[in-house]
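Thanks for coming. I will go through one protein model, starting with its surface and then turning to pairs of side chains.

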Amino acid sequence: MDYQALYRKYRPQTFDDVIGQGHVTTTLAREVSEGKVAHAYLFTGPRGTGKTTTARILAKALNCENRHSDGSPCDDCGSCASIVDGNSLDVLELDAASHNSVDDIRDIKLSVTTVASAATSKRVFVLDEAHMLSKAAGNALLKTLEEPPEHVHFVLATTEPYKLLDTIRSRTQRFDFHPVPVEELAGYLSAIADREGYETDPLALIAIARHAGGSVRDSLSLLEQVAALGAGKADTAGVQRALGLADSDAFRRLTDAIAGQDAKAALELVSELTASGVDLRRFVSDCLGFFRGVFLAHYAPNLAEIADEPPEVYEGWINAAKVIPATEVLRAVDLLSEALVRLREGREERLMTELAFIKLTRPETASDPEALIARMDRLERRIGKPAPVPPIGSPSAAKETTPEPAPAATVEVETSDSEPVVDEQAEEVSPDLPKVDIEFSALQRIWPGLFGSLRDVLGARRWAFFREAVPAAVEGNKIILEVAHDFHLTSLTQDDAVSRIVGTKASDLLESQVQVEFRLKSQTEAAESEDRVDMSQLEERPDQSHDPATLLENELGAKVVDDGA
């Protein structure tokens, strides 16, 4: 007998053989046994979860000569054998991707009118990838789908049910096939491996099941590939080598590099993975899944209720959540998502991965608002302030060890009453930068770039107040920004985040620790400032020097009539 792939060799032949879809097979078997089979079904779900296989089993059950009392086919009679061999006249399988025109649907309608091979037989039409039907073809199928002959049943299988016409979905009984859980799929692979004589490692089978994403067909193909590479042996090293996967230690090393802002360690990790033959695109995708789990660990008290992973995976998530705050985890997800998109576009894999890891470990290399927030969070943790998004409700909420708080810097804010108000604002900028006096000319030079970069970072509300500020002076390493109105001054000085954000951005541009102080312009300066308003920006007003009546007479030839009042 010719060699058969595992997924074909072990294709389920009865309802009981289908794994992970008991909610579907139990219902179908009951409908068959009670004689209440619908005229049309819609099977939806991810690839490799048993949609087409279940449709064949349903066809076997409907035509079985020795059907069991529970509705399952005997899998031994002539009808069952012909369906298994694919030469039954009562079961027609069509691929909607290549039969999606109106003419193809017309042929199906003609076939529907054909009688079955026996008086008691049922004709079953299985339309795979049904979402590929054109709109015209779907409309042509509607009438036949709604009222087929008594001996005809339709099964539409699709991975994208939302692409089907609403009118088609409303005429079918829908069943959703789910991804098979990792533990259940690994157990199934173990049974198949025993029957094939493979030497397996339980952790390797779990890795295969997890990588297959709940698809039985994909998992069997991967098992076959790994066993072939290992000469009948499927262990963890063989799985990683065959699939180009990184081991779990790679995620721990990346976590440590991000927590320690160690770009060198991150780049060394990429180099080692490349040298060992790891698929970097797949690794970036796996990193994305890992940081999703880390984010869940920040907020989910019981990870097992919302994720389908082995206990050791949960442990890795929780440990990472203890050292990386939620804001940085979200930033990691965004950066890795962008890198994955570029990799799928065909960009150079190593370069894109290295750039993403540098941005993750050194936020100052990125100019996005999230990078600035990540830097502020790090600084606040270093001086003892709590992070803005603390972990809650999970083991990762354990207290982190923080250094002793740094002494606060005192900033005097001059109010409209000329009374200094002390703001206990801590040092906002990185201690790595020198603390030097700033020249006012340097502030003027970088002001356009600084001003333009703050709009998206500050947000609409803060920007509405900050946009009125202008550089006025420098005092040592402190820059003085002035506003013309008391209301603007109060709003800016009461919101500590404005000074921190402006100070951090200015520090980067001036390469020095920078403090920010807002002051109120004097009344004379404010009046002069108002006199210097650019009139071209104001709304045009009608020229009041012209008499309206005179304009009407001159332009339109009107005549003023005295009404004698």
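**Surface, salt bridges and rings**

The protein exposes about 29,700 Å², and carbon and sulfur atoms supply 50% of that area. Accessible areas here come from the Shrake-Rupley method with a 1.4 Å probe, and for residues only the protein chains shown count as cover.

Before going on, a word on the source: this is a predicted model, where local features need pLDDT of at least 70, side-chain atom pairs count only at pLDDT 80 or more, and totals for chains, interfaces and linings use all residues. Residues are numbered from 1 along each chain as its sequence is written, and side-chain values use heavy atoms, with hydrogens and water left out.

Now the overall picture. The secondary structure comes to 24 helices and twelve strands; these are DSSP runs, numbered from the N terminus, with helices being H or I of at least four residues and strands being E of at least two. Of the 565 residues in the protein, 44% are buried. Buried means under 20% relative accessible area, exposed means over 50%, and partly exposed is in between, with a 1.4 Å probe and protein chains only. A contact means heavy atoms within 4.5 Å. Among the contacts with a separation of 6 or more, 72% are between residues 24 or more positions apart.

Next, salt bridges. The term needs a side-chain nitrogen of Lys or Arg within 4 Å of a carboxyl oxygen of Asp or Glu. By this rule the protein has 22 salt bridges.

One of them joins the side chains of Asp75 and Lys60, at 2.7 Å from N to O. Asp75 is in the loop between helix H3 (51-63) and helix H4 (78-85), while Lys60 is in helix H3, so the pair ties together parts that are 15 residues apart in sequence. Are the two partners buried or exposed? Asp75 is partly exposed at 32% relative accessibility, whereas Lys60 is buried at 2%.

Another salt bridge is between Asp103 and Arg106, with the closest N and O atoms 2.6 Å apart. Both sit in helix H5 (residues 102-112), three residues apart, and are therefore separated by about one helical turn. Asp103 is partly exposed at 47%, and Arg106 is partly exposed at 44%.

Then there is Glu517 with Lys478, at 3.2 Å from N to O. Glu517 lies in strand E12 (residues 515-520) and Lys478 in strand E11 (residues 478-483), so this bridge ties together parts 39 residues apart in sequence. Both residues are buried. Salt bridges that share partners join Glu475, Lys478, Glu517 and Arg519 into one network.

Last, the rings. A pair of aromatic rings is described by the distance of the centres and the angle of the planes. Rings of Phe, Tyr and Trp (its six-membered ring) pair if their centres lie within 6.5 Å; planes under 30 degrees apart count as stacked, over 60 as edge-to-face, and the rest as tilted. The count comes to 18 aromatic pairs.

How are the rings of Phe451 and Phe466 arranged, and why? Their centres are 6.1 Å apart and their planes are at 25°, so the pair is stacked. Phe451 is in helix H19 (residues 440-453) and Phe466 in helix H20 (residues 455-466), 15 residues apart. Phe451 is partly exposed at 24%, and Phe466 is buried at 0%.

By contrast, Phe465 and Phe487 are edge-to-face, with 5.3 Å centre to centre and 75° between the planes. Finally, ring pairs link Phe251, Phe283, Phe290, Phe291 and Phe357 into a cluster.
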